[in-house]
Every structure is written in C-alpha cells, then in structure tokens.
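Look over the model first, then read the points by topic.

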Amino acid sequence: MGNEDLDAVDAVDARLGARLAELRAERGWSLGELAERSGVSRSTLSRAERAEISPTASLLNRLCHVYGRTMSQLLSEVEAEPALLVRAADQAVWTDRASGFERRSVSPPHVGLRGELVEGRLAAGADIAYDRPPVPGLEQHIWVLDGSLDVTAQDVEHRLGPGDCLRLRVWGPTRFRCPGPDGVRYALAVVLP
C-alpha cells in the first residue's frame, strides 16, 4: 500500500475510534462496563477508541453485538451519507491487516432497507472466527466468486467453491477460513431480521 492508502486507512480508524467512543458514551458505560459486556480488555477498547490500533474483525464483531448493529452499519456510521447509487470508486473498503481480510461495502446500509451487500476477500490461510453474530438471527447469503471458502456455522463446516452459495441465519459462532492455495473472493448478502 502507498502512503495515500495508509493515510485513508488511518483516517477511517480515527473516525471509527471516535464513533466507538460515542456509542459507549451514549450508553453511559465506563470502559470497564464495556469490557464486561464485550469480553474485550479495557486497554484494547481504550486503544481502539483512541485509534492507536486498527480494530480486528473479531473485535468489531464483539462490539457490534453489544451495540446491536451489524459491522456494515457501524462502518457506514463513519462514512459520509450513503447515496442510492454507490459507484465502485465510492465503496468503502476496510482491511483487517492482522487476519488478511478485506471488506468492501458494495451496497452499504441505508435507511429503510434491511439488506446490504459486501465483497469479502481472504488471503490463503486466513482464518476468522466470530464468537457471536452482531445481531442474533442475522440472515446471510455467502456466494463464492473465486477460490475456496470454508464456513463453519452451527458446528457444521461447509466447503464452498466458485459459484456455491451458503444461506443461513446466524445465531451462534461462525468461522470463515480460506484453505488456499489461492485467496478467496466472495459476495455476502446480509439481511436484518
């Protein structure tokens, strides 16, 4: 990534950190209370709110669960007002560098709409586990475009290849793993219950 790309990522992290601090303040919670509710340490929460660290997908998922919103909803709150037409150049991209996960918000959340569309990319060997859904009963449709993806939900592992689609409601832990040898690119349709 060039310096401009890193500056853009840092700016998103700064806005994200500020929004996380706002959400906690709106509820009147201390860092300790949020740590208890989320299972994330106070120091990690504090560093994320001050944008000293770039939060991982797993950390954001835990916070989304506590705050009752999807990851896309949270990320859209740090972007400008969403338009009805979302040009490719305007689609927000968030990268979890630690896990090798890239997330493009193709059709971000919008007032009055319950669905959203995300493009996910995982590097070969990437493995992301979510201990809970951001919103219980969240409907997901996972369509693999290129590569191979292993998705574990309700203690069942599904191997998806190009063109395969897994449809489910998420109630418990899930895991997304790219077995390789190449990375995977997939579309994720998310519908609020």
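A cavity here is a set of points, on a 1 Å grid over the protein atoms alone, where a 1.4 Å probe fits but cannot get out; lining residues have an atom within 4 Å of a point. Grid points are joined across faces, edges and corners, and a volume is the space filled by probe spheres set on the points. By that count, the structure holds two cavities of 30 Å³ or more.

This is a predicted model: local features need pLDDT of at least 70, side-chain atom pairs count only at pLDDT 80 or more, and totals for chains, interfaces and linings use all residues. Residues are numbered from 1 along each chain as its sequence is written, and side-chain values use heavy atoms, with hydrogens and water left out.

**The largest cavity**

- The largest cavity has a volume of about 300 Å³.
- It is lined by 23 residues, and N61, M71, Y130, Q140 and L188 are the closest to its centre.
- Elements giving two or more residues to this lining include helix 5 (71-76), strand 2 (101-107), strand 5 (138-146) and strand 10 (184-191). Helices (H or I, at least four residues) and strands (E, at least two) are DSSP runs, numbered from the N terminus.
- Strand 3 gives the most to the lining of the largest cavity, with four residues.
- By class, the lining of the largest cavity has 14 nonpolar, six polar and three charged residues. Ala, Val, Leu, Ile, Met, Phe, Trp, Tyr, Cys and Pro count as nonpolar, Asp, Glu, Lys and Arg as charged, and the others, Gly among them, as polar.

- Buried means under 20% relative accessible area, exposed over 50%, partly exposed in between (1.4 Å probe, protein chains only).
- In helix 3 (residues 42-49), the buried residues are L45, S46, A48 and E49. Seen down the helix 3 axis, they fall within an arc of 165 degrees, so they line one face of the helix. The arc is that of the directions from the helix axis to the C-beta atoms.
- Helix 4 (residues 57-67) has eight of its 11 residues buried, so it is largely enclosed by the rest of the structure.
- Among the buried residues of helix 4 are N61, C64 and Y67.
- G68 follows helix 4 and has a positive phi, near 70 degrees.

- D150 sits in strand 6 (residues 149-153). At 1% relative accessibility, D150 counts as buried.
- The D150 side chain makes polar contacts with the side chains of R159 (2.3 Å) and R177 (2.5 Å). A polar contact is a pair of N or O atoms within 3.5 Å; within protein, one must be able to donate a hydrogen and the other to accept it, and residues adjacent in sequence count only if both atoms are side-chain atoms.
- The C-alpha atoms of D150 and F176 are separated by 5.9 Å, with the two residues 26 apart along the chain.
- R132 lies in the loop between strand 4 and strand 5. Its side chain makes a polar contact of 2.9 Å with the side chain of D131.
- Not counting residues up to four places away in sequence, R132 touches several residues, including N61, H65 and P173; contact means heavy atoms within 4.5 Å.

**Backbone geometry**

- The peptide bond from G180 to P181 is cis, with omega near 5 degrees. P181 is in the loop between strand 9 and strand 10.
- A51 is not a glycine, yet has a positive phi of about 60 degrees. A51 is partly exposed, at 29% relative accessible area.
- D155 has a positive phi near 65 degrees. D155 is exposed, with a relative accessible area of 79%.

Definitions and conventions. On a 1 Å grid over the protein atoms alone, a cavity is a set of points where a 1.4 Å probe fits but cannot get out, and a pocket is an open set with protein on both sides within 12 Å along at least five of seven lines; lining residues have an atom within 4 Å of a point.
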